[in-house]
Amino acid sequence: MAGFETREQDVGVRTQRRPDPGVAHEAVSIRPARTSELGQVARLFAPALRPYRGSGSDWVLDAYLAELVEVRPRFDEAEVLVAERDGRIVGTVAFYADVRLEGWSNLPAGWAGFRALAVHPRMRGAGVGDALVRRCVERTRDVGAETLGIHTIAVLTDAVRLYGRVGFVRCPEFDLRAADIFPSENADEMVGLAFRLDVEHAPHERAEAQAIGPRTVTEPGSTT
């Protein structure tokens, strides 16, 4: 999942007030991760989830974290992207050219998707998450998909607001029970909330779209 709460009211997702991340005002570059950086990527997740603990939803955060730190399976199936500032990795996301490659997603085949979005707490408010999500929108255009779909939970309040600001809308017909993805004896009725973004394409883009696979990035000094 890209983020997580319990089922919201029909009027929408209720979130706690936090400062909006805004548009990036620091120099941040987005690029594919290298194999040698997967450990650094894994170490981003625990600090990124820590601010959301204590809400009664720690059971799912624990299960989610255990899955997130296993970066290699995503690296083999998706494009693991990193945000870098001053030579340090400060954020990450995994982009899927076909959301069904996530394994558990019930979103339609042919949609693109992303998950495992994380930003180090020290970089909150610098627009890193915004930059990562918008790169996923760009990649959706690149691969010729018309829709970018995600799941999250409302406990991850900053993510929910970010997706709304970018333009994602709810598609509750694809909601999932979090316990079906992360079985736990402590599970409650928390719901993985589905969102979609329909991506516009220029007339020539569909014919020219080519998927760039996750294994096209090579280590410095290596060959393909």
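Me: By class, how many nonpolar, polar and charged residues does the lining of the second largest pocket have?
Reply: This is a predicted model, so keep that in mind as you look around. The residues lining that pocket include Arg43, Arg85, Asp86, Arg88 and Arg122, and Asp and Arg count as charged. Leu44, Ile89, Val90 and Met123 are also among the lining residues, and those kinds count as nonpolar. The tally by class is four nonpolar, two polar and five charged residues.

Me: Which strand gives the most to the lining of the second largest pocket?
Reply: Look at Arg88, Ile89 and Val90, which are among the lining residues. Strand β3 covers residues 88-96 and gives three residues to the lining. The top contributor is strand β3.

Me: How much space lies in the second largest pocket?
Reply: Gln40 and His120 are among the residues that line this pocket. The space in the second largest pocket comes to about 230 Å³.

Me: On to salt bridges: how far apart are the closest N and O atoms of arginine 72 and aspartate 76?
Reply: Both residues sit in helix α4 (residues 71-77), and because they are four residues apart, about one helical turn separates them. Arginine 72 is partly exposed at 36% relative accessible area, and aspartate 76 is partly exposed at 37%. They form a salt bridge, with the closest N and O atoms at 3.1 Å.

Me: Is aspartate 130 buried or exposed?
Reply: Aspartate 130 meets arginine 165 in a salt bridge (3.8 Å, N to O). Aspartate 130 lies in helix α5 (residues 128-142) and arginine 165 in helix α6 (residues 157-166), so the pair ties together parts 35 residues apart in sequence. Arginine 165 is partly exposed, at 32%. Aspartate 130 has a relative accessibility of 3%, and since the cut-off is under 20%, aspartate 130 counts as buried.

Me: What about aspartate 180: buried or exposed?
Reply: Its salt-bridge partner is arginine 177, at 2.8 Å from N to O. Arginine 177 counts as partly exposed, with 32% relative accessibility. Aspartate 180 has 55%, and because the cut-off for that class is over 50%, aspartate 180 counts as exposed.

Me: Which residues do salt bridges that share partners join into one network?
Reply: Side chains of opposite charge can pair when their charged atoms come close. Here, shared partners link several bridges into one network, made up of Arg31, Arg34, Glu37 and Glu84.

Technical notes
Residues are numbered from 1 along each chain as its sequence is written. This is a predicted model: local features need pLDDT of at least 70, side-chain atom pairs count only at pLDDT 80 or more; totals for chains, interfaces and linings use all residues. Side-chain values use heavy atoms; hydrogens and water are left out. A salt bridge is a side-chain nitrogen of Lys or Arg within 4 Å of a carboxyl oxygen of Asp or Glu. Helices (H or I, at least four residues) and strands (E, at least two) are DSSP runs, numbered from the N terminus. Buried means under 20% relative accessible area, exposed over 50%, partly exposed in between (1.4 Å probe, protein chains only). On a 1 Å grid over the protein atoms alone, a cavity is a set of points where a 1.4 Å probe fits but cannot get out, and a pocket is an open set with protein on both sides within 12 Å along at least five of seven lines; lining residues have an atom within 4 Å of a point. Grid points are joined across faces, edges and corners, and a volume is the space filled by probe spheres set on the points.
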